[in-house]
Each structure stands twice: as C-alpha cells, then as structure tokens.
Amino acid sequence: MLTNINTGFSQYLQTASKSFRNGSMLITEQDFKRFLTISKGLSVKSIKTYLQRFRLFKNWLNKNNQQLSKNSVEKFLFEKTENNNLNSTINTYIQAINHIIECYKFNDFKINITEKFKGLP
C-alpha cells in the first residue's frame, strides 16, 4: 500500500514538474475554485470573475512558455496596460494573481513571490 502511495505521488510530482517547466501552473482551475470557495469564502460572482482571470493568465503563461514568477506576472500586467485595459480591469487580474499565489502557498507549492502585487489607482 505504501509503495502505491509513493509511486502515485512520484508520478504526480513528475507530471507537475513537467507542466511547470513547460509554462503552466501547478494548480488546476478546480483547485483554485475550491480554494476561493472554502478557504477564502468568496461570493459566486467573485469566484466567477477570478476563474475567468485564472484561465486567461494560465493561457498567457502557456502561450509565452512562462512559469508563475514575479517577472512573468509583471510582463503579463504590463502587456495588459499596453493594450489599454482599464485600471479596474487590471486590478481584477492583480487580485486574481494574488489569490493564485495564496493558493500555491496553501498547497505547499514553492513560489518565489513574497509580496502581494499592488493595485493601480
């Protein structure tokens, strides 16, 4: 039984490491939704907005072969400002990304982002 658990966990880590190297995130949309619902206690409307932002950010990471890092977040947000998104729209991305970082930490995934990103005026 212990061998099966270790083998399963090892396979999970290999898969997670591979997807992380290829420009993705270690958490799934379902993981994020559960975190927002249970751990953060957010409303259905807020969760819907954050999940939309999660998908767009994750797709951007994949498209640009990026990992979740301070640098990739800054590149993503800069691109959004360059595309003339409203500050209020960018702030929803910032809030979603801050929740993603919290979700990583909650799930004990190592991430080298120590500070929350600040919203725009």
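**Helix 5 and its two crossing partners**

Modeller: In this predicted model, helix 3 meets helix 5 through Thr49, Tyr50, Arg53, Phe54, Leu56 and Phe57, which touch Thr89, Thr92, Tyr93, Gln95, Ala96, Ile97, His99 and Ile100 of helix 5. The residues of this contact divide into 8 nonpolar, 5 polar and 1 charged.

Biologist: What makes helix 3 roughly perpendicular to helix 5?

Modeller: The axes of helix 3 (residues 44–63) and helix 5 (residues 87–106) cross at roughly 85 degrees and come within 9 Å. Angles of 65 to 115 degrees count as roughly perpendicular, so helix 3 is roughly perpendicular to helix 5.

Biologist: Why is helix 2 called roughly perpendicular to helix 5?

Modeller: The axes of helix 2 (residues 29–39) and helix 5 cross at roughly 90 degrees, coming within 10 Å. That angle makes helix 2 roughly perpendicular to helix 5.

Biologist: Which residues of helix 2 and helix 5 meet?

Modeller: Asp31, Phe32, Phe35, Leu36 and Ser39 of helix 2 meet Ala96, His99, Ile100, Glu102, Cys103 and Phe106 of helix 5. They divide into 7 nonpolar, 2 polar and 2 charged.

Biologist: How do you know that the buried residues of helix 2 line one face of the helix?

Modeller: The buried residues of helix 2 are Phe32, Phe35 and Leu36. Seen down the axis of helix 2, they fall within an arc of 95 degrees, so they line one face. Their cover includes helix 3 and helix 5.

Biologist: What does the face of helix 2 turned away from its buried side carry?

Modeller: That face carries Gln30 and Ile38, which are exposed; exposed here means over 50% relative accessible area.

Terms used
Residues numbered from 1 in each chain as written. Predicted model: local features only at pLDDT ≥ 70, side-chain atom pairs only at ≥ 80, totals over all residues. Heavy atoms only, no water. Axes fitted to C-alpha atoms, helices over the stretch in contact; angles between N-to-C directions. Helix = DSSP H or I, 4+ residues; strand = E, 2+ residues; numbered from the N terminus. Parallel < 35°, antiparallel > 145°, perpendicular 65-115°, else oblique. Contact = heavy atoms within 4.5 Å. Nonpolar A, V, L, I, M, F, W, Y, C, P; charged D, E, K, R; others polar. Buried < 20%, exposed > 50% of the residue type's maximum accessible area, 1.4 Å probe, protein only. Arc of directions from axis to C-beta.
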